[in-house]
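Visitor: I am new to this structure and would like to go through it step by step. Please show it first.

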Amino acid sequence: MRLANMASTAGVVDDRTALRLYARTGDPEAFAVLAGRYRAMVMATCLRALGNETDAEDAAQETFVRFAEQAGKIRSNAAAWLHACAMGVSVDSIRKASTRRRAEGVAIASRAAAETAGASESGAMARWRELEPEIDRALAALDDADRELIVGRY
């Protein structure tokens, strides 16, 4: 049975009915009913978490994609599931952005260090040659467990 038939006989279709119908048949009208009811709530949740409308729109879209994919597995009410999913997608987005910024920062720092090292490599190598025997002596003086710890770390 399609949502249009249910609505005409039962009036307004509740979330549970629309969710079950979408999960069983993929009825686009059932999905549209649920998306229409909760679009604003999902968008507001994502916007509060992300603070940026473009990112919030992306997160809201991802939330509804996951909702469509997992409709048959949803056991709580649709609103609660969508809110939790929107928060999860938003947090994942924040983590990815943070990781990306960190990686970009490392790449920039590495390039700068390589440029600096290239300019003064002969001086750095000379200093390393002076320090290397001292480091070897200090490592040799450590007990095995401490030496393994230091060598493993560095």
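Visitor: Which helix is the place of S90?
Guide: This model is predicted, so its positions are computed ones. In it, the place of S90 is in helix 5.

Visitor: Is S90 buried or exposed?
Guide: The relative accessible area of S90 is 0%. Buried means under 20%. With a value of 0%, S90 is therefore buried.

Visitor: Which residues does S90 touch, not counting residues up to four places away in sequence?
Guide: A contact needs heavy atoms within 4.5 Å. With residues up to four places away in sequence not counted, S90 touches C46, A49, L50 and A59.

Visitor: Where does C46 lie, and is C46 buried or exposed?
Guide: C46 lies in helix 3. Its relative accessible area is 0%, and the cut-off for buried is under 20%. C46 is therefore buried.

Visitor: How far apart in space are C46 and C85, C-alpha to C-alpha?
Guide: In sequence, C46 and C85 are 39 residues apart. In space, C-alpha to C-alpha, the distance between C46 and C85 is 9.8 Å.

Visitor: Why is helix 3 oblique to helix 4?
Guide: Helix 3 and helix 4 pack with their axes 8 Å apart, at an angle of about 140°. Angles over 145 degrees count as roughly antiparallel and 65 to 115 as roughly perpendicular, with the rest, apart from those under 35, being oblique. The angle between helix 3 and helix 4 therefore makes the pair oblique.

Visitor: How many residues of each class are in the contact of helix 3 with helix 4?
Guide: From helix 3 the contact includes C46, V42 and L50, and from helix 4 it includes A59, T63 and F67. The crossing of these two helices is right-handed. By class, the contact has 15 nonpolar, one polar and four charged residues.

Visitor: At what angle do helix 2 and helix 3 pack?
Guide: Helix 2 covers residues 15–25 and helix 3 covers residues 28–50, and their axes are 8 Å apart. The angle is about 135°. That makes helix 2 oblique to helix 3.

Visitor: Which residues of helix 3 meet helix 2, and how many residues of that contact are charged?
Guide: Helix 2 passes helix 3 in a left-handed crossing. On the helix 2 side are D15, A18, L19, L21 and Y22, and they meet A30, F31, L34, R37 and Y38 in helix 3. The contact divides into eight nonpolar residues, no polar ones and, as charged residues, two.

Visitor: Which residues does I74 touch, not counting residues up to four places away in sequence?
Guide: I74 lies in the loop between helix 4 (53–70) and helix 5 (78–119). I74 is buried, with a relative accessible area of 6%. Not counting residues up to four places away in sequence, I74 touches L19, F67 and W81.

Visitor: Is R147 buried or partly exposed?
Guide: The place of R147 is in helix 7 (residues 144–153), and R147 is in contact with L139, A140 and L142, leaving aside neighbours within four places in sequence. Its relative accessible area is 24%, while buried means under 20% and exposed over 50%. R147 is therefore partly exposed.

Visitor: How many helices does the protein have, and where is confidence lowest?
Guide: The protein has seven helices and zero strands. It averages a pLDDT of 83, and 79% of the residues score at least 70.

Notes
Residues numbered from 1 in each chain as written. Predicted model: local features only at pLDDT ≥ 70, side-chain atom pairs only at ≥ 80, totals over all residues. Heavy atoms only, no water. Helix = DSSP H or I, 4+ residues; strand = E, 2+ residues; numbered from the N terminus. Buried < 20%, exposed > 50% of the residue type's maximum accessible area, 1.4 Å probe, protein only. pLDDT = per-residue confidence, 0-100. Axes fitted to C-alpha atoms, helices over the stretch in contact; angles between N-to-C directions. Left-handed = near helix turned anticlockwise from the far one by under 90°. Nonpolar A, V, L, I, M, F, W, Y, C, P; charged D, E, K, R; others polar.
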